[in-house]
Amino acid sequence: MDRDSHSEDTLSTMVLENIKNKLIHAFRVTGESRDNPQDSDSCIGRSYQANEELRRAQIDGAITWLRSELLEMRSQDLQLAQTLLGLNSEIQRLRRESFGGVDVEGGGQQ
C-alpha cells in the first residue's frame, strides 16, 4: 500500500505541476498581449514585472495550498478506510458469535 501511496504522490505532483505551468503560461500570454511594445517607459515595465511576480507567487501559494489539502484528504481517507475495515471485522465477529458459528452469508461453516 506504501508503493500505491508513493505513486499517487508522484501522480498528484505531476498533475499539479502541469496545472501550474498552464496557469503561468496563461498569465504570461495575457500579460504579453496587454504589454504595449511602443511604450518604453521603464516604470511601466517594472510595474508589469512586479505584477507578474506577484501573480506567480499567488499561483505558487494556491498550488501549495491545494497540495496540502490533497495530502490531508488522503490521510483522512486512509484513516476512514482503516476504521471501516475494523468495523467490518467487528461486525463479522459479532455475527459469528450471535449465530453460534454459522456463516450467515454462506449458509454454514466450511
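**Close-up 1. Glutamate 52 and arginine 55 join their side chains in a salt bridge, at 2.8 Å from N to O.** A salt bridge here means a side-chain nitrogen of Lys or Arg within 4 Å of a carboxyl oxygen of Asp or Glu. This is a predicted model, where local features need pLDDT of at least 70, side-chain atom pairs count only at pLDDT 80 or more, and totals for chains, interfaces and linings use all residues. Residues are numbered from 1 along each chain as its sequence is written, and side-chain values use heavy atoms, with hydrogens and water left out. The two residues sit three apart in helix 2, so about one helical turn separates them; helices are DSSP runs (H or I, at least four residues), numbered from the N terminus. Glutamate 52 is buried at 9% relative accessible area, and arginine 55 is buried too, at 16% (buried is under 20%, exposed over 50%, partly exposed in between, with a 1.4 Å probe and protein chains only).

**Close-up 2. Arginine 93 meets glutamate 90 in a salt bridge, 2.3 Å from N to O.** Arginine 93 is partly exposed at 31%, and so is glutamate 90 at 35%. As for networks, salt bridges with shared partners link Glu52, Arg55 and Arg56 into one.

**Close-up 3. Arginine 67 pairs with glutamate 17 in a salt bridge, with the closest N and O atoms 3.6 Å apart.** Arginine 67 belongs to helix 2 (residues 42-98) and glutamate 17 to helix 1 (residues 2-34), so this pair ties together parts 50 residues apart in sequence. Arginine 67 is partly exposed at 26%, as is glutamate 17 at 32%.
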